[in-house]
Amino acid sequence: MRKDIHPDYVECKVTCACGNTFQTKTNKEALSIDICNECHPFFTGSEKILDAAGRVEKFKNKYKLS
């Protein structure tokens, strides 16, 4: 491999909008992100099913599920 063609690989401090911070390695020294694993609904368990016009109930009734 040729020398001096790759960017520097440094420690990076990542800061989320929720206030969570963590360290990783990349070619930048700092990153600011909007959402992380601490505030994302999928990882926190606060994910909700959007039910427009009773679709979930229709499905359950059609297939006789609880």
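These legends accompany several close-up views of a predicted model. Local features need pLDDT of at least 70 and side-chain atom pairs count only at pLDDT 80 or more, while totals for chains, interfaces and linings use all residues. Residues are numbered from 1 along each chain as its sequence is written, and side-chain values use heavy atoms, with hydrogens and water left out.

**View 1. The hairpin of β1 and β2.** Here strand β1 (residues 10-16) meets strand β2 (residues 21-26) in an antiparallel pairing with six bridges. Strands are DSSP runs of E with at least two residues, helices are runs of H or I with at least four, and both are numbered from the N terminus. Two strands pair if DSSP finds at least two bridges between them. Look for threonine 15, whose bridge partner in β2 is threonine 21. Four residues sit between the strands, and glycine 19 in this hairpin has a positive phi near 105°.

**View 2. Cysteines without a disulfide.** A disulfide is a covalent bond between the sulfur atoms of two cysteines; the search counts a pair of cysteine sulfur atoms within 2.5 Å. Across the whole structure, that search finds zero disulfides. For cysteine 16, the nearest cysteine sulfur belongs to cysteine 36, 3.6 Å away. For cysteine 39, the nearest is that of cysteine 16, at 3.7 Å. Cysteine 16 is buried at 4% relative accessible area, and cysteine 39 is partly exposed at 28%. Buried means under 20% relative accessible area, exposed over 50%, and partly exposed in between (1.4 Å probe, protein chains only).

**View 3. Helix α2 and the residues after it.** Of the eight residues of α2, zero are buried, so this helix lies largely in the open. Just after α2, lysine 64 adopts a positive phi of about 55°. Leucine 65 belongs to the segment following α2 (55-62) and is partly exposed, at 42% relative accessible area.

**View 4. An aromatic pair.** The structure holds one such pair: phenylalanine 59 and tyrosine 63 are tilted, 5.0 Å centre to centre with 55° between the planes. Rings of Phe, Tyr and Trp (its six-membered ring) pair if their centres lie within 6.5 Å; planes under 30 degrees apart count as stacked, over 60 as edge-to-face and the rest as tilted. Phenylalanine 59 is partly exposed, because its relative accessibility is 48%.
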